[in-house]
Amino acid sequence: MSKFVSLFNGMTGRITLRLLVIVAVSILITASLGYFKLSQVTEVNSFIRIDRAARAATALFTEKLNSEFSAINDPDGKPMALRLKSDTVDMSLSFRDVHDTLLKEIGHINQGAANLFRLNSETRAFDRFATTFRRPDGSMPPPMSIGSGHPAYADIINNQPHLGEVPVMGRLRLAYLTPIQTESGAVAGALAVDVGWVDDLVVARNELRTQIVVAAILILILVAAFGVLSMSRELKPLRQLAKYADDLAAEAPAVAVPFKSREDEIGALAQGLERVVTLQGKLAHLAYADELTGLGNRSRYLTDLKKSLLKNLSGKHKSTLLHLDLDNFKQINDAYGQETGDALLKTVATQIVDTAGETSQIARLASDQFTILVSDKSSAVQPVELAEKLLTALRQPFQLAAGEVRLTASIGIVLLQHDAEDADEAHRNAGLAMHKAKASGGDQFMFFSSEMNDVLQDQIRMDRMLQIAIEEREIEIHFQPQIIPSTGGLAGVEALARWTHPAEGPISPGKFIPIAEASGQIVGLGTLVLDLACEQAAKWRDQEFDFKHISVNVSTIQLWQPNFIDVLKAALERHNVPGRNIYIEITESVFVDHSESRIAMVLAAIRAIGVKLSLDDFGSGYSSLGYLNRLPFDQLKVDRSFISDIDTDQRKQQVLRGVLGLGRGLGFNVVVEGAETLEEVTLVEQLGCDSVQGFYYARPAPALLIPDMVRKIAQSKTRLNVRSA
Ligand code: C2E
Ligand code: MG
Ligand code: MG
């Protein structure tokens, strides 16, 4: 039923409706023309017949009763009256057989009725005395008169003929009444002839009208039915094409476009749709493919992931998401160049496809990040088995034009049914697990666990708190003196960020600095620390406390900000501090992501404003001795790991000796970090370092305490020296 109704809502309905309106109007015009013409012709015919009937009747009267009647006609021969030739009213106008015969003859000729009336001198009505009417049983009808209420009365009493419809037995007949006059011309009676019942004409006309209406309705129904059926049949391909386009929009048409071979408008439409399908294919490839490897790209991955999640939620599939990231790709890219890196990524992509199988949905998200979606329907391989196979495959050395390269990868695994409600969450959790695998040394896989999420949530919370802390300047700095061990004198101080949260208490830099680096807030934090350090430098200068310099830690992320030099200059200028009072401490991570020439440019710009450069945590990470030689550092800070327990570990002593020798040999000012005991301090002093920064001398403390602290260190050293002397 609804299908039928929908037919009328569409083109079928509209075209059929228009067809119906056109047919209806044509029928109406034709029928009304016929109808009016018919009425007109019927009317004209009736008047010709009645006129002839009247003439025939008077002619018969004057012929058959020649001795009694003469006719008075107008110039056209139309009867105006019958006049008695002598005074024979009583005889001529009373029933006689001759009248009866004559009337019958007239009636026969006219196919109507004929009547004779005589004026009743008393009632002044015309009483009928002869008629062709008979009752159904053949007997005479009841008497009848034309009185003053009769439509013909006024004419015939005035001696005028009357033509018109007159009532007879409750119905109407078209009649002509000719007055009969006495010899002297006074009215004495009337001869009435008619041509039948007027109603019969009306009935015939009405019948015709009804027939026309019925025929019109029938034609309309036929046209409507035919219109609906034929239009609906003709438009069926159009509906199928619309459905196809719908499926196309939903990315689903598995079959070819129908009706392409037709040579009409439908064919043209289908061919147009075919072109859209082709174009959509090209666009989908462009939008969803990773140009380098031919795998899916991020959009493809997200679309597949969403679809997969829907199937998982409906219980149809159990899918697993693997997030694979190469462990040491950055170095390879830096070492061998982009082109080799790209070639390697292509080979890795092929390895993944070969291992995971064609049925897995594989994409490359960015540089060396790959995702693999496996459904239990599409592959028999279990996630663990697959992850192990992938790791093994990637461990095989890759042969490149430049030589043999070894790779490892870290994989995070998420079971979509358990560990994700939406694509965002699935992606985030897989990333978390991958990072955990990487942080645990790489070359391994790890399943996502809710604890990982707790850590992330904690980081997110901390990140929000930190944002407020930076805005509200809740961050302050403490200072840790660097002491020249031989004299106990001050070499400089290092500024270390301190954060005491109003509710959570003190939070260590070891916790908040990595979070700030991960979210980018380190830039704001670093700017604040730099400003606080310059502010303190200015205060100490005013107090004439000779702090030598303040070392400020600057994260690599901040260092690479295009406006870093401006920020540094602004801080110095704002507090009117000369560049030489500030050291910038950078860790070795600065060498990881950038070319030597870029690093050299930034370092040179810093030195150009008089600020000195210190390489922090030296020896703890990735460093190339080549850089040391070429880059303009002033100071080397040897990492704490070289110093702890140095007095008891002979090998460590040898290493530190080498490191210090190298630093001094290259002309650096060498600071040793983290000396906690007198033994450690004594040893590093003997090995020839310039200054020591460690708990043995002083822990980081608020600025207010530093001058006193420094004085006490110097005094106790002097005492010690005096004593030993
Ligand atoms: P760092 O720059 O190497 O700073 C020296 C760290 O070693 C400080 O830790 C200091 O308290 C600690 N230390 C000094 N002497 C000893 C010792 O004898 N024994 C031991 N066990 N530790 C000692 P802190 O203040 O917790 O800072 C940790 C790290 O956080 C810093 O290492 C630095 O990398 C980073 N950091 C601190 N403040 C900032 C800052 O304002 N900006 C940036 N970017 N990083 C900062
Ligand atoms: Mg430092
Ligand atoms: Mg350090």
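Along the chain, the donors of the magnesium ion (ligand 2) follow the spacing E-x58-N-x31-E-x30-D. Donors here are N, O and S atoms within 2.8 Å of the metal (3.2 Å for Na, K and Ca), and water is not among the atoms, so sites may look incomplete. Before going on, note that this is a predicted model, where local features need pLDDT of at least 70, side-chain atom pairs count only at pLDDT 80 or more, and totals for chains, interfaces and linings use all residues. Residues are numbered from 1 along each chain as its sequence is written, chains are lettered from A and ligands numbered from 1 in the order in which they are written, and side-chain values use heavy atoms, with hydrogens and water left out.

Back to ligand 2: Glu494 (OE), Asn553 (OD1), Glu585 (OE) and Asp616 (OD) coordinate this magnesium ion at 2.0 to 2.2 Å. Glutamate 494 sits in strand 17 (residues 489-501) and aspartate 616 in strand 21, so the pair links parts of the chain 122 residues apart. Strands are DSSP runs of E, at least two residues long, numbered from the N terminus. Glutamate 494 and aspartate 616 are both buried, meaning under 20% relative accessible area (1.4 Å probe, protein chains only).

Now for the other ion. The magnesium ion (ligand 3) is held at 2.0 to 2.4 Å by Asp616 (OD), Asp617 (OD) and two entries for Glu673 (OE), and its donors follow the spacing D-D-x55-E. Aspartate 616 lies in strand 21 (residues 612-618) and glutamate 673 in strand 23 (residues 669-673), so this pair ties together parts 57 residues apart in sequence. Glutamate 673 is buried, as is aspartate 616.

What links the two sites? Aspartate 616 coordinates both magnesium ions, ligand 2 and ligand 3, which are 3.9 Å apart.

Key. Helix = DSSP H or I, 4+ residues; strand = E, 2+ residues; numbered from the N terminus. Buried < 20%, exposed > 50% of the residue type's maximum accessible area, 1.4 Å probe, protein only.
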